[in-house]
Amino acid sequence: MAGFWRAGAAQEGAPPPAGAGPQWRHALSLMGQPKYGADFTHFDYVNPAAPKAGVVRFGSQGGFDSFNLAVAGVKGEVEDRLTLIYDQLMEPSLDEVNTEYGLIAEAARHAGDYSWASYRLRPEARWHDGRPVTVEDVIFSFESLKKLSPQYAAYWRDVTAVEKTGPREATFRFATTGNRELPQIVGQLPVLPKHWWEGTDASGRKRDIAATTLEPPLGSGPYRIKAFDAGRWCEYERVKDYWGEKLPIRVGMHNFDVVRVDYYRDITVLFEAFKADQFDFRTENVAKNWATGYDFPAVREKRVILEEFPQRSSGVMQAFVFNMRRPQFQDERVRRALNYAFDFEEVNRTLFFGQYKRIDSYFSGTELASSGLPHGLEKEILESVRDKVPASVFTEVYKNPVAGSQEAFRANLREAHRLLGEAGWVLKGRNLVNSKTGAPFVIEFLSFDPSFERYVLPYQNALKRLGMNVNLRVVDATQYQNRLRAFDFDAVTFLWPESLSPGNEQWNFWGSEAAKRPGSMNVAGISDPGVDALIGKVVYATTREELVAATRALDRVLLHHNYVVPQWTYNFQRTARWNRFGRPQTMPEYGAAAFPTIWWWDAALAAKTGGRR
């Protein structure tokens, strides 16, 4: 969920005439009043005097073949940092939970029943070609993104229309009332230039927002595309006359003259490139690397700094996801058996150096995670959908199987075998087959990252002991994304990030409609009336207490359906950087490293570190 603010009573259900209705506000906040008043000068977690200089380089695995944000996730591979060229209507702060401040929109207001929301554009907002950002651009952006992007279509499912209600005012109409997050999720709209997309390119061809393109698009944000080599690298240059540079929400941010991204096909080569000073900053997601891979001279000499930043802004579910559109995964007992066959404790000990903890919630690491048996308001919510949810949610606490020893693991495999038998799978010789059709039990684990083989191989061996035919396939990133979008897989590792205030995005994660929509994040294929009903309870919660209770209820039901085999998590962002950068003394509570947004080039540190510049 994005957020809300109370605007007082007035004219429910229809946009107000000019000068009437709810009060215009500079910010929207879910947690009471915004931290920063309308007269604030900058966020507390930035250095307003940060120098504007230098180059920051990133490395990324894969490649890119598109600069079209509208079809990202559907067609092609969009460049990693394309959003640098665009501004949104509103921009979040990093030291508050779900609070947004006006960027392109100088102010916002909404109906007391949340049936509409209006945004008043700043007159100074400009595209990089000097033309003003208009209400027509806002309308074009919303309609294009909702039509072309499954992610935005799900996120804005209850946003029915947008219209011009003043010279600089856009009003969005909502299909329902009472959904308090809608004003903020609309505020997250990235605004695209209508006149550019409806124009022609240098060769006279009409542009098509429904197609991929490698023509650098026009933006309004702090950076523009400077140069690129498709699939290999891309450079963004800071816009020296950026219209929003002096806005309080931009002061002290976006301090580098150039942001460069280099692409590598292989994750091992990517790591070696960092050690060779080919790029500057790296988030480390491989436990083995963190434990053993950073013992090289630059680290010992403090020219490379290793630092962990707490992750407070979100929870996470990372899991083995089995595609329930395939018949062998549709029985819940089969999916539970797959969990019994996974020896997390042994994998954590032998491969991950004991760094991780097992995930036991779809909202792991937050107050939204369910625990114990349901009680209070959560139980009331579950009682309201009792006929649609597993009976076990009222009587059993969800627990992942625990192994870690040969004896415990053998017991887990025996339980897995029992569950598979109940579900109609029997051993024929050494092969597990369907007792009715004789079809073998087949699983192909799909990935684009060769490192996944390290933890899938032990799992593969366990599943083979149950008689399953298990294969691992590593494909290039483009093929992987295309197969994932088309739900053409048996099993993948997938991650769902969760905010501290979940809402409309839950439809895209677990909703029945999303299960049928290619490109959605419902990769598991969840289609369940109880889950749908609880998503509605989350979306239409009227208080924080109700939101927490409804989310815990949703979490509990998702867990008891055994849709996924949960993996592991670590509550810190592990980072490595070449020591050329300064940062504020006060870091944002919910921003983790916030690199490079609030960092800057430090010439003195760079001189000591040596190397590239």
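**Entry 1: α16 and α17.** I began with the contact in which V531, L534, I535, K537 and V538 of α16 meet L547, A550, T551, A553, L554, V557 and L558 of α17, taking contact to mean heavy atoms within 4.5 Å. By class I find ten nonpolar, one polar and one charged residues in this contact, where Ala, Val, Leu, Ile, Met, Phe, Trp, Tyr, Cys and Pro count as nonpolar, Asp, Glu, Lys and Arg as charged, and the others, Gly among them, as polar.

I note that this is a predicted model, in which local features need pLDDT of at least 70 and side-chain atom pairs count only at pLDDT 80 or more, while totals for chains, interfaces and linings use all residues. Residues are numbered from 1 along each chain as its sequence is written, and side-chain values use heavy atoms, with hydrogens and water left out.

For the geometry, I looked up the axes of α16 (residues 529-539) and α17 (residues 544-560), which come within 8 Å and cross at roughly 160°; axes are lines fitted to C-alpha atoms, for helices over the stretch in contact, with angles from 0 to 180 degrees between N-to-C directions. That makes α16 roughly antiparallel to α17, the term being used for angles over 145 degrees. Helices (H or I, at least four residues) and strands (E, at least two) are DSSP runs, numbered from the N terminus.

**Entry 2: α8 and α11.** I then turned to α8 (residues 332-340) and α11 (residues 406-422), whose axes come within 8 Å and cross at roughly 165°. That makes α8 roughly antiparallel to α11. In the contact, R333, V334, R336, A337 and Y340 of α8 meet F409, N412, E415, A416, L419, L420 and E422 of α11, and these residues divide into seven nonpolar, one polar and four charged.

**Entry 3: backbone.** Most residues other than glycine have a negative phi, and most peptide bonds are trans. Against that background I noted F353, which is not a glycine but has a positive phi of about 55°, and which sits in the loop between α9 (344-350) and β15 (357-358). I also noted a cis peptide bond joining F595 and P596, with omega of about 5°; P596 lies in the loop between β24 (581-582) and β25 (600-601).

Key. Parallel < 35°, antiparallel > 145°, perpendicular 65-115°, else oblique.
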